[in-house]
Amino acid sequence: MSKEQKGPVRVLQVLGGTGLGGAESRVMDSYRHLDRSRIQFDFCVHSQQEGFFDKEIESLGGHVYRVPRFRVTNWIEYRRAWKAFFREHPGYAAVHGHMTSTASIYLPIAKAAGVPLTIAHARSAGVDPGLKGAMTRFLRRNLGKKADVCLTCSRLAGEAVFGEKMVKEGRVITVPNAIDAKEFAFSEQVRQRKRSELGIGEQEFVIGHVGRFGHMKNHAFLLDVFAQLHKRLPDSRLLLVGEGGLMDSIREKATALGLSGRVIFAGNQAKVADYYMAMDFFVFPSIFEGLPGSVIEAQAAGLRCLVSDSVTDEVLITPLAQALPLSDGAAAWAGNVLERSGSENSAQSPGAYRRKQMAQAIKDAGFDVSDQVRFLEGLYLGRETADRTRK
């Protein structure tokens, strides 16, 4: 901070929106825990609708700004909007771009406008199918050369966004997605209350998932796994937390499989930790990811987890988590869940594998938000160097 600077430095966080997504939740965790007397966040989003976190951002001292969603055909308009933004809002110490699909456009504009530090942050190891994914790859092709600092949540995400060469040369800093671990420490009281609210019986076995209903999360396969599980364990339920564009099609599939009465669509939830308490097993069959915070949260809540091997193995933090190929099929996935749950007839007692202690295990492994905040504060205030790699 310069001698002339009064009050906290301001950092602009660039996201698609301020809803309950993984990137948004991780940024908000950092925002809540950093020293806001020295650093303040503003947000620039690609949505004209109010987001879930908007009011909290304002209560913490931040502002939410909006630019048009990029649609290729509005390339000129999109660039013009960003140039106008930095003319109207000068003085940012850093621009932190989590939306890497267009970071190669807005980060150079920020630099030309005098922003001292530009950051590109890779949070996903894949792209959507079709033309949209092809355009994303095209826009990212030289992103590593257009940012002062390149961050990634995992090795796979870093290679996907910045390329294997940059990662091997140590020019990409790994900052694992981190959570407020103590928030997810298991509580039997919360478990009983939430299961009662959801209409889940005491002996019902609940497999769960937390994530947006989109292509990458692979909810259709998850339903197939549950269908196989339900054949062998009729007293079972599937708890889905999240919303998204494919939610209606998944509802329709559940009905077609005759499982609609056994599947709970809980929607987006602010207090998601309570829903992990209600679960007995966590299943995460994503096609691609960066480093999914929900799998870290599930382990902190003491849940056994089954994760697609398409997801980076960096998320297998504790012995609770195992990976399996999607190609093994739904029956094999269901068999893994049943074998590791310890019973095909009733829910496994959560106390049997010390659920309460796992939040501390996650913290000890370096996935607590307090560690990440210290790094980010140093980066924003100029104490961290771009050649530092966090393990």
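The lining of the second largest pocket comprises, by class, seven nonpolar, four polar and six charged residues, where Ala, Val, Leu, Ile, Met, Phe, Trp, Tyr, Cys and Pro count as nonpolar, Asp, Glu, Lys and Arg as charged, and the others, Gly among them, as polar. The structure is a predicted model, in which local features need pLDDT of at least 70 and side-chain atom pairs count only at pLDDT 80 or more, whereas totals for chains, interfaces and linings use all residues. Residues are numbered from 1 along each chain as its sequence is written, and side-chain values use heavy atoms, with hydrogens and water left out.

The second largest pocket holds about 270 Å³ of space and is lined by 17 residues, of which R140, R141, V161, F162 and G163 lie nearest its centre. A pocket here is an open set of points, on a 1 Å grid over the protein atoms alone, with protein on both sides within 12 Å along at least five of seven lines, while a cavity is a set of points where a 1.4 Å probe fits but cannot get out; lining residues have an atom within 4 Å of a point. Grid points are joined across faces, edges and corners, and a volume is the space filled by probe spheres set on the points. Helices α5 (130–140) and α6 (155–162) each supply at least two residues of the lining of this pocket, and the largest share, four residues, comes from α6. Helices (H or I, at least four residues) and strands (E, at least two) are DSSP runs numbered from the N terminus.

One cavity of 30 Å³ or more is present in the structure, and the largest cavity has a volume of about 50 Å³. The lining of the largest cavity is formed by Q13, R26, V27, S30, F41, H96, H98, H121, R123, Q372, L376 and Y380, and the elements that give two or more residues to that lining are α1 and α15. By class, the lining of the largest cavity divides into four nonpolar, six polar and two charged residues.

Helix α1 (residues 22–33) has twelve residues and reaches 17 Å from its first C-alpha to its last, close to the 16 Å expected at 1.5 Å a residue, the expected span being 1.5 Å times one less than the number of residues. Within α1, residues E24, S25, R26, V27, M28, D29, S30 and Y31 are buried, a term that denotes under 20% relative accessible area, with exposed meaning over 50% and partly exposed in between (1.4 Å probe, protein chains only). These buried residues of α1 pack against β1, β2, α2 (54–59), α12 (293–300) and α15 (369–380). Strand β2 contains Q40, which counts as buried because its relative accessibility is 6%. Not counting residues up to four places away in sequence, Q40 touches P8, V9, R10, V11, Y31, L60, G61 and G62, contact meaning heavy atoms within 4.5 Å.

For helix α3 (residues 75–88), the 14 residues should span 20 Å at 1.5 Å a residue, and the end C-alpha atoms are 20 Å apart, which agrees. The buried residues of α3 are Y78, W82, A84, F85 and F86, and they pack against β1 (9–15), β2 (39–45), β3 (64–66), β4 (94–97) and α4 (103–112).

Two loop residues were examined for their backbone angles. Most residues other than glycine have a negative phi. In the loop between β3 and α3 lies V72, a residue other than glycine with a positive phi, near 70°; V72 is partly exposed, with a relative accessible area of 39%. Phi of N218 is likewise positive, near 65°, and N218 is placed in the loop between β8 (205–210) and α9 (219–232). At 14% relative accessibility, N218 counts as buried, and, leaving aside neighbours within four places in sequence, N218 is in contact with P285, S286, I287 and L326.

Over the protein chain, the secondary structure comes to 15 helices and 13 strands. The radius of gyration of the chain is 21 Å, close to the 21 Å that the globule rule gives for 391 residues, so the chain is as compact as a globular protein of that length; the radius is taken over C-alpha atoms, and the rule is 2.2 Å times the number of residues to the power 0.38. The C-alpha atoms fill a box of roughly 65 × 40 × 40 Å, taken along the principal axes. Of the 391 residues, 56% count as buried, and residues 24 or more positions apart account for 70% of the contacts with a separation of 6 or more.
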